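Please look over the chain below, then read the notes on its sheet, helices and salt bridges.

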Amino acid sequence: MAKMAGKQMVVEALKREGVEVVFGYPGGAIIDVFDAIDKDGSIKFVLVRHEHGATHAADGYARSSGKVGVCIVTSGPGATNTVTGIATAYMDSVPMVVITGQVPTALIGNDAFQEVDIVGITRPCTKHNYLVKDVKDLSRILKEAFYLARSGRPGPVLIDIPKDVQNGKAEFAYPEEIELRSYKPVADPHIKQIERACALIEQARKPIIYAGGGVVIAGAHKELRALAEEISAPVAMTLMGLGGFPGTHPYSLGMLGMHGSYCSNMAMANTDLIIAVGARFDDRVTGKIEAFAPMAKIIHMDVDPTSIQKNVKVDVPIVGDCKKGLSKLLKVLKEGGRDQETWKNQHKAWWEQIRAWEKRHPLSYKKDSNVIKPQYVIERLYDMTKGRAIITTEVGQNQMWTAQFYKFDEPRTLLTSGGLGTMGYGFPAAIGAQIAFPDKLVVDVAGDGSIQMNIQEMATAMEQKLPVKIVILNNQFLGMVRQWQELFYEKRYVATRFQVVPDFVRLAEAYGAKGFRATRPEEVDQVLKQGLETDGLVIMEFAIAREEGVFPMVPAGKATTEMLLV
C-alpha cells in the first residue's frame, strides 16, 4: 500500500465519511491541511470570519441535516476560539468533528508560538478528543472520531494534529468498522423494561408525554406521534424537543418549564405518569425539584444511561434509542388489546382538565396599537412563512418568544442553543442550515444584543450568496437580563441598557445586503413581506416595546406551578 501524508489522510477520511462541506479559518499550523483540501477540490470549504462562527455554522449544518458537522481551524487562538461552539454542541448533543492544527510535536510543551493545550481545555466539553502523536495512528483516529460523534448520544469530538504529523507519511489504513472496548452504546431497549413501562401506562389515568431533543436526534417524531395518538396522551416539549411533535396537533401542550405554557406546567404538576422520551429533566423544566410532579410515576427513555436517575428518581428506566424504544412500546401496547376509543375514555376526565387549563390561561400578550409587540412579529412571521421555514434563534427573549409563538410541526426546523444558552449562535447556525438546504427559507430571529456577537458573519453569508433572513427584535436592552432586573432587582438596569446601537439597515447595506425597518405596528407586515420576498441576505429590524417581558415565567427556585403570568 502506498504511503500517504497526514494532510491527505484528513481529506480522504472526510470524503469516506460523506463530508461535503467544511467550515473554518486558516493559520500556519493547519495550512497544510487547507492546501490538501484545495488540491483535492471535492469538498466545499466555507471561510468564516471568526472561528466562533465556524463551530456554530458546523453545528447548524449538523442540526438541520442530521449529518456530522466539520470545522477546521489553526492552533492557539484559532483553537481556543472554538471552545464556546464546542461546548454549545456538547450540551445539545450535536454530532461535530473539530480538527485543529498544533505546533510540531517536538515543540509541544515549550510555549511555542500559538501553542495551547486544546485537548486539555476541551476535555470537559467534548465527547472525546485526541492529540495525534504519530501519523500511523491518524487514519484510525479520524474513523473513530466520526463514529463517536454520530453514535449513541451524539456530540463533538476534537482532533489536534501537530504540523509534523500533517506532513509525515504512513499507510492509510481506514477501518471499515470501529470496536471500542470502553464504548458500547445500547441502541436496543430491553423488552422487560418496555413491558414494565406498558404496565404503568395501562394503569395511568392522567399521563403526559415529556418529549426532549432526543426525539429529534433519533428521528423518532413519527413514533412519538403514533404513541400519543394511540393512548390519547398530551405531549409537552422541551425547547430542544420543539418540532419532535407537531405544534399544531390538538394533543400538543407546547413548551413546558420556566417559560412554558400554563397548561403544560399544570399538567406536569398534576400528572400520575410521566413518559419522558429523550429528555434530561434539567432545571429549566423541573423548577424546584422537591415540588416537581409529586404524584407521578416516571418512565424515562434515553440512549444515554448517565442521564437517567441524574436529576429525578424514575420508576422505569429504559436505556436505548428513542425510535426503537417507542416502536417497541407501541407494539406491546397494541398487543394488549385496547383500542384508541378505550384509551380516550380512560383519559376523558384528564383531557377535560387540560382543556380547562388551556382556556384559563392561553399563551397571550397585551395588545398595543402604539408600539410593536415582539410576540406579534413572531405570529406574523409564522403566518407568512406558513410554518415551513427553518428557524434559528439567538438566546434570550427572542428565543423564548419564538418558542412560544412559532408553531414547529417538523423536526430539525428549530435550531437554538438550549443547554449552554449561547448568544451569537443563531446567525452562523443559519448559515450552516442554509448551506445544508440551499432551497429552503432560513430565518434567524435575533435580539439587538445577540446579533452583534457574530455580526461579522454577514461577510460569510454574502460571499457564499446565502439568502438568510435576519429578524432583529430591537429593544435596545439585553432583554432577558433586564426582565430579571425589573422583577427581582427593583428595576436597577445595571449593564443591560445599550447607549449605542448600530443602524442595522445601514449595517446591512455596508455588507452589500438589504435592510428594512419597522417602527410602528402597521409597518410589521410590510417589512416582513419585503424582507421575505427580497433575494439574498436581508436584515428586518423591528423597534419593539422596550420593556416587554416573556411570560409565563417561573422564578428561579420556585415550583413550576408558581408562574408569573401576563
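The model is predicted. Six strands make an open sheet, ordered 3-2-4-5-7-6, with parallel pairing. Strand 3 (44-47) and strand 6 (128-131) are the edge strands. Each has a single partner strand, so one side of each lacks a neighbour in the sheet. From one strand to the next, the twist averages 20 degrees.

Several pairings can be followed residue by residue. Strand 2 (residues 21-25) runs parallel to strand 4 (residues 69-73), and three bridges join them. Here F23 stands opposite C71 of strand 4. Strand 5 (residues 96-102) pairs with strand 7 in the parallel sense, over seven bridges. In this pairing Q102 has P162 of strand 7 as its bridge partner. Strand 6 also runs parallel to strand 7, with four bridges between them. Y130 stands opposite I159 in strand 7.

How well covered is strand 7 (residues 156-162)? Seven of its seven residues are buried. P156, L158, D160 and P162 point one way. V157, I159 and I161 point the other way. Both sets are buried, D160 included.

## Helix packing

The axes of helix 12 (residues 262-270) and helix 16 (residues 348-360) come within 8 Å. They cross at roughly 145 degrees, and the crossing is right-handed. Helix 12 contributes Y262, C263, M266, A267 and N270 to the contact. Helix 16 contributes W350, I354, W357, E358 and R360. By type, the contact residues of the two helices divide into seven nonpolar, one polar and two charged.

Helix 18 (residues 397-405) is a case of burial. Nine of its nine residues are buried, so the helix is largely enclosed by the rest of the structure. The buried set is Q397, N398, Q399, M400, W401, T402, A403, Q404 and F405. Which elements cover the buried residues of helix 18? Among the helices are helix 17 (374-385) and helix 21 (479-488). The cover also includes strand 11 (252-255), strand 15 (390-393), strand 17 (442-447) and strand 18 (469-474).

## Salt bridges

The whole structure holds 32 salt bridges. Three of them are listed here.

| Pair | Distance, N to O |
|---|---|
| K67 and E20 | 3.7 Å |
| K184 and E179 | 2.4 Å |
| R517 and D503 | 2.5 Å |

The side chains of K67 and E20 meet in a salt bridge. K67 sits in the loop between helix 3 (51-65) and strand 4, and E20 in the loop between helix 1 (6-16) and strand 2, so the pair ties together parts 47 residues apart in sequence. Both partners are partly exposed: K67 has a relative accessible area of 39%, and E20 has one of 48%.

The side chains of K184 and E179 also form a salt bridge. K184 and E179 are both exposed.

R517 is partly exposed, with a relative accessible area of 35%. D503 is partly exposed as well, at 32% relative accessibility.

Elsewhere, salt bridges with shared partners join E12, K15, R16 and D40 into one network.

## Backbone exceptions

Most residues other than glycine have a negative phi, and most peptide bonds are trans. Where does the model depart from this?

A cis peptide bond joins F551 and P552, with omega about 0 degrees. P552 is in the segment after strand 20 (538-543).

A293 is not a glycine, yet its phi is positive, about 40 degrees. The residue lies in the loop between helix 13 (283-286) and strand 13 (297-302). Is A293 buried or exposed? A293 is buried, with a relative accessible area of 8%.

Q476 is not a glycine either, and has a positive phi of about 55 degrees. Q476 lies in the loop between strand 18 and helix 21. Q476 is partly exposed, at a relative accessible area of 33%.

Key
Residues numbered from 1 in each chain as written. Predicted model: local features only at pLDDT ≥ 70, side-chain atom pairs only at ≥ 80, totals over all residues. Heavy atoms only, no water. Pairing = 2+ DSSP bridges. Helix = DSSP H or I, 4+ residues; strand = E, 2+ residues; numbered from the N terminus. Axes fitted to C-alpha atoms, helices over the stretch in contact; angles between N-to-C directions. Left-handed = near helix turned anticlockwise from the far one by under 90°. Contact = heavy atoms within 4.5 Å. Nonpolar A, V, L, I, M, F, W, Y, C, P; charged D, E, K, R; others polar. Buried < 20%, exposed > 50% of the residue type's maximum accessible area, 1.4 Å probe, protein only. Salt bridge = Lys/Arg side-chain N within 4 Å of Asp/Glu carboxyl O.
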